[in-house]
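Here's a quick briefing to read alongside the model. Have the viewer open and follow along.

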Amino acid sequence: MSTLTLSNITKSYPNGYQAVHKLSLNIEEGEMVVLVGPSGCGKSTLLRMIAGLEEITSGNLKIDDCLVNNLEPSERDIAMVFQNYALYPHMSVYNNMAYGLRNRKTPKADIQRIVNDTAEMLEIEHLLERKPKQLSGGQRQRVAMGRAIVRKPKIFLFDEPLSNLDAKLRVQMRLQIKKLQRRLATTSVYVTHDQVEAMTLADKLVVLNQGTVEQVGTPLEIYDNPASVFVATFIGSPAMNILDAKVTKEGLQLGYSLSPIDTQSLKPGDIKLGLRPEHINIVEKMPWFEVEVELVESLGADLLLYCKTLYHKTMDETAQSLVVRAEGHSKIEIGDILGLDIDQKHLHLFDADTSKHINIDLKMNSKRELLYA
Amino acid sequence: MSSQAVFKNKWLPVALISPQLLITAVFFLWPAGQAIFQSFQLEDPFGLNHEFVGLENFIHLYNDSNYLNSLFTTLKFSISVAFLAMISALILSAFAEHIVRGSMFYRTFLIWPYAVAPLVAGSLWLFLFDPTIGVVAELLQWFGVNWNPTLNSAHAMWMVIITSTWKQISYNFLFFLAALQSVPKSLHEAAAIDGSGPVKRFITISFPLISPTSFFLLVINFVYAFFDTFGIIHAMTQGGPGRSTSTLVYKVYNDGFIGLNLGSSAAQSVILMIMVALLTVFQFKYIEKKVAY
Ligand SMILES: Nc1ncnc2c1ncn2[C@@H]1O[C@H](COP(=O)(O)OP(=O)(O)OP(=O)(O)O)[C@@H](O)[C@H]1O
Ligand SMILES: [Mg+2]
C-alpha cells in the first residue's frame, strides 16, 4: 500500500501543446481514484507520467514520499493495464503473466505458484497455455489484469481498460475490478471517460478539464455539489439541464415564469440554473414553468422526456431545451404540455460569467401562495 | 464476393499480360530451355557439332572436386554475407527507430548503397581495398595486417564478403525498420513497466515479433549471395586467387564462357535453377505457417 502525491505537475509535449497544467492531487493508501473527463483532457497523459512512460515537464511526483520524477518505469514498482491490453502476442498467457516476475529474478517455483494462484482468482487457469489471439476480449482483459496483479506493485494504473468490451461484459468486469481492488487494497488510479464507470468505481473522483482539476470528491459529493457547470453536465446521466435565467427582486425568472424563491442574497442579473432530470417534478397545479414534450424515450423503468420551454407571454426569448425523467409508465406523449417544478434543495445556481457554483441556501419566498393566487 | 476483376472481352486480359509473358519467355523460359537442352549435350568448343550424352555432364560434376569446392566456397560466402548483412541491418534499424532528429538523413544515406550497380560497387570497394592506394587497405596495414587480396585467398574472400554485405544492408534495413515500426508501442511500454530494459525488450519482444520478416530476409539474402553477387566477384577477383572466390554462379560463367565447356556449364545452371525453385517453395511453405502470429 502506498500513497501517491502529485504537486504542480505540468506536461508540455515537444510540439508545444500543454496537455496538463499545474495539477496537484493527493492519493491515499489503498484508495481507488478515478480520473474522469472528456476526450483529450489529458487523462492518459497524466497516467503515463505516473507510470514513467512520459516525461514530466515540471512539478513533483512522489510515491510514498519518495521523488520518482526521474525513475524508469521499471523502478517505480507500478503496474498498468492498457486500453488495448498490450499482451505479448508471441507468449502464452502463462508467460505473459510470468514475464515481469522473471525480469525481477523471482525463483521459478514462486513464479509458478503466484501465476497459478492469480489465474485461479481471475478464473483463467484453463487458458494458461493459450496465446492472446486465442482469447476473447473479456479473457484478454483478465489476463492483462493478471499480469498487473502478479507483481504486487505499489500502485495499479488503468487506462480505460473496459472500453473495448461490450456493454454487458463491461458491467461484469467493472464489478470484478472493484472486488479485486477491495481485496488487494492496492492504491489505484483508473482513467475513464465513462461517467457511470467513474461513479461506481471511485473512492475518490477527480474531474479533469483541459489539463486541470475541475473538482475532487467522492462520487456523491460531486453529484450533489458540482463545483461548476462543466462538472454538473459531465457527472450524471442524462446530464443536468442548464437553463439561462434572471435574478429579479421577486424571484428567479425563466422567461416570464417566476420562481417564488427568495433572491435577496443574489446579485440581480443573469444566472444559470442547474436542474437534474431526475429532480424535476411534473405538477398539475402551480407549476414554475411549462414545457412542451418534443420526444419521448422509454428506458423501461423510466421515461426520458425531451422538452422545450414555453414562455407564453414572451416573444423575444428563444425556447430552451431540457430533459425530464418521469416514471416508466406515465402516459405522456409528444406534444403534451407539462407544468414543471423543482424542490429548491435540488436547484443549483451557477454564475453566468464564470460558470462556478453559487453556494447559498435557497429559501422559498413567503409570497409563494400569493403569486399564484 | 470475389476480388477478381471480370473482363467481358476474352482477349483484353491476354493483351494486358502479354508484354510480361513475352519478357519472361524471351529472357527466362527460352534460355532456361536451352540450358536444360544443353546440359544433356556435349559440344565442341566452336559450337560446330554436339551429341547427346545423357546425364554424363551431371555425373561428371558429381565427381569433380572443383565443383564441390565451389559449392563449399559458395556456402561459406553466402552464410557470411547473409549473416553479416542481416545482423548489421538489424542493429542499424534498431537505432534508426529511436532517432527522431535527422532521421530522414540517416535513412536516406543508409538506403543509397542499394541503388549502386554490383559492378560499380565492386570497382568502388576494389579501389578502397587496393593494397597500394586503398584507404581501407591502409587502415588494415596500420593494424598490422599484411593485406594482399590478389595473393591471399582469405583476404580475397573477406573483400567480396564485405562488399556484398555492404550492398545488401540497405535492403535488409528497409524491411527490418518497417517491421520494427509495426511492433505496437504499447508492447514496449508494457515490457518497460514489467522491468525490462531496452536491450532485453529488443531481444524478448521486438525480435520474436519480427521473425516473419527475418525469415523472409534470410531466404532473400541467400538468393542474393548465391546469384546476384556475380558482378561484384567479377569486378573484384574474377573468382581468384586460385579458385578461392569462385562461387557456383561464377563457375557457370567461367566454365561456359572462358572454358567453353558449354555442356558442363549448362548442367551447373540447371542445378542452380533447381536450388532456387527449392528455396522458393521452402519460403512459401514456411513463411505463412510457421512464423506468423
Ligand atoms: N505525443 C503528443 N504530442 C502532442 N500532443 C499530444 C501528444 N499526445 C497527446 N497529445 C495531446 O494532449 C492532449 C491530451 O491527450 P490525452 O491522450 O492525455 O487525452 P485523454 O484525456 O486520454 O483522451 P481520451 O479520453 O481520448 O483517451 C490531447 O489534446 C492530445 O491531442
Ligand atoms: Mg486516453
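In which helix of chain B does B:I87 lie? B:I87 lies in α3 of chain B, where helices (H or I, at least four residues) and strands (E, at least two) are DSSP runs numbered from the N terminus. Keep in mind that this is a predicted model, where local features need pLDDT of at least 70, side-chain atom pairs count only at pLDDT 80 or more, and totals for chains, interfaces and linings use all residues. Residues are numbered from 1 along each chain as its sequence is written, chains are lettered from A and ligands numbered from 1 in the order in which they are written, and side-chain values use heavy atoms, with hydrogens and water left out.

**Chain B overall**
- Chain B has 13 helices and 2 strands.
- Its C-alpha trace spans about 75 × 70 × 30 Å along the principal axes.
- Of the 293 residues in chain B, 40% count as buried (under 20% relative accessible area; exposed is over 50% and partly exposed in between, with a 1.4 Å probe and protein chains only).
- The accessible surface of chain B (Shrake-Rupley, 1.4 Å probe; for residues, only the protein chains shown count as cover) comes to about 17,100 Å², with 71% of that belonging to carbon and sulfur atoms.
- Among chain B contacts (heavy atoms within 4.5 Å) with a separation of 6 or more, 67% come from residues 24 or more positions apart.

**A nonpolar patch on the surface**
- B:F83, B:L84, B:I87, B:I91, B:F95, B:W158 and B:I162 make up a nonpolar surface patch, with about 670 Å² of accessible area together.
- The elements giving two or more residues to this patch are α3 (65-98) and α7 (153-181) of chain B.
- α3(B) gives the most, with 5 residues.
- Patch residues have over 30% relative accessible area and no salt bridge, and nonpolar side chains (Val, Leu, Ile, Met, Phe, Trp, Tyr) are joined within 5 Å, like charges within 9 Å; a salt bridge is a side-chain nitrogen of Lys or Arg within 4 Å of a carboxyl oxygen of Asp or Glu.
- B:I87 counts as partly exposed because its relative accessible area is 37%.

**B:T163 in α7**
- B:T163 lies in helix α7 of chain B, and B:T163 counts as buried because its relative accessible area is 0%.
- Leaving aside neighbours within four places in sequence, B:T163 is in contact with B:A121, B:G122, B:W125, B:F129, B:I232 and B:M236.
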